[in-house]
Structure formats: C-alpha cells, structure tokens
Amino acid sequence: MVNHEKIETAVRMLLEGIGEDPEREGLKDTPARIARMYEEIFGGMEEDAGAYLSRTFTAENNEIVLEKDITLFSTCEHHLMPFYGKAHVAYIPDGMVVGLSKLARTVEAYARRLQLQERLTAQIADALMEYLKPRGAMVVIEAEHMCMTMRGVRKPGAKTLTYVCRGAFEENQALCDRVFRMIGRD
C-alpha cells in the first residue's frame, strides 16, 4: 500500500535538495500529484498476477499461442527511471488456455513494480508455468531504458532484448526460433 504522506514528504525534500522551493506556485501540489502517480505506476506491487492466469478454458490446440507486441511501462529499480517497450508472450498449452487479455494483464501486473528487465521477463514466464501448467513458455521483452537515454551513456534508441524459455522451449531450439520468426526477430 502506497503511503502518500511519506511520498509527499520525500518529494518536498527532493525539491529542496535540488534547490527548488516546494511552496512556489508550480510545485505546491507536486508532492500530492507524485504520490497519486506512484500509487498508479506501482500498483502491481499489490497485485497477484496469478489471479489473471487462474481462469482457464479447455482447448485441444497444443501448438504455440503467442500474444505479441504487449506494450509495457516499468521503472528501473537502480535509477527509479522508466523503461518501456514490448513484451511477447508465448506458451504451448497442455489442454488449457487462458483468455488473451489475461496475458497482457499478467505483463502489466509485474511491470508495475520496481523492476529489472531480466527479472520481469523471468517472472512472467514462471507465472505462466505455475498457473497454466503449459508444456512450455517463452517470454521476450524489448525495451528502451531512460537511464541509458537521458543520463549516463545517453544513447537514445538503444534497446535491451531479454528472453526466457521454460519447458519445451528450453529443450527445443526450433520452437524458440519459430517464436522469434513469429514476432519478426529472425
């Protein structure tokens, strides 16, 4: 649960720390705005991603199910700066499938936390394996990190690609290659 009072105090101190006056007209309500924003963008801290994957449907298809180009926004835990991009989530059902929107909701639940892209990728794949019990899961995330684009090395457009394979995808490179072709990353 977000503690608005603590966030507002911290934002006032931050503003003072950079030499600003937190009481000036343009900043007076900023601490409260930031507290409300943090409640929204870190809302995944309170979410159980498994809840989205627990309602399944019987399906005879045992081929790859891929939900691609799921937009994600997250926050790097090292610099508290955003990273954003696309997630591609694939799994091979073992008799059960989940509604497609639930894959996007699972991505969002994990992305709306302080994160590392590498951890985010694994958390999504592991949740699929735990709750859907598929034959395999593969998650690919391609994201741009603001800590690399507007500070430090300052390389706008540089993207980080992470992927995690579980189950059948770990055992069969051809399946991974098929997913990469399906998402347009040969």
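Trainee: How many Å separate the centres of domain 1 and domain 2?

Mentor: Before I answer, please note that this is a predicted model, in which local features need pLDDT of at least 70, side-chain atom pairs count only at pLDDT 80 or more, and totals for chains, interfaces and linings use all residues. Residues are numbered from 1 along each chain as its sequence is written, and side-chain values use heavy atoms, with hydrogens and water left out. Domain bounds come from an automatic or database domain assignment. Here that assignment gives domain 1 (4-43) and domain 2 (56-183). Their centres, taken over C-alpha atoms, are separated by 32 Å. The contact (heavy atoms within 4.5 Å) takes 5 residues from domain 1 and 4 residues from domain 2.

Trainee: In what order do the strands of the open sheet lie?

Mentor: Strands (E, at least two residues) and helices (H or I, at least four) are DSSP runs, numbered from the N terminus. Two strands pair if DSSP finds at least two bridges between them. In this model, 5 strands form an open sheet in the order β5-β2-β3-β6-β7, with mixed pairing. The edge strands, β5 (114-115) and β7 (160-167), each pair on one side only.

Trainee: Which strands pair with β3, and in what sense?

Mentor: β3 runs antiparallel to β2, and 9 bridges join the two. β3 also pairs with β6 (residues 136-145) in the antiparallel sense, over 10 bridges. Individual residues show this: the bridge partner of T71 in β3 is K86, and the partner of K86 in β6 is E142. T75 has P82 as its bridge partner in β3.

Trainee: Is β3 mostly covered or mostly open?

Mentor: Relative accessible area settles such a matter: buried means under 20%, exposed over 50%, and partly exposed in between (1.4 Å probe, protein chains only). In β3, 8 of its 11 residues are buried, and the strand is thus mostly covered.

Trainee: Which residue in the hairpin of β2 and β3 takes a positive phi?

Mentor: The hairpin has 5 residues between the strands, and L80 takes a positive phi near 55° there. L80 is not a glycine, and its place is in the loop between β2 and β3 (82-92). L80 counts as exposed because its relative accessible area is 55%. Please consider D69 as well: its phi is near 60°, a positive value in a residue other than glycine. D69 lies in strand β2 (residues 65-76). D69 counts as partly exposed because its relative accessibility is 40%.

Trainee: What is the volume of the largest pocket?

Mentor: On a 1 Å grid over the protein atoms alone, a pocket is an open set of points with protein on both sides within 12 Å along at least five of seven lines; lining residues have an atom within 4 Å of a point. Grid points are joined across faces, edges and corners, and a volume is the space filled by probe spheres set on the points. The largest pocket has a volume of about 850 Å³. Of the 34 residues that line it, the closest to its centre are M37, Y38, I41, F42 and T75.

Trainee: Which element gives the largest share of the lining of the largest pocket?

Mentor: That share, 7 residues, comes from α2. The lining draws at least three residues from each of domain 1 and domain 2.

Key:
1 Å grid on protein atoms, 1.4 Å probe; cavity = no way out; pocket = protein on both sides within 12 Å on 5 of 7 lines; lining within 4 Å.
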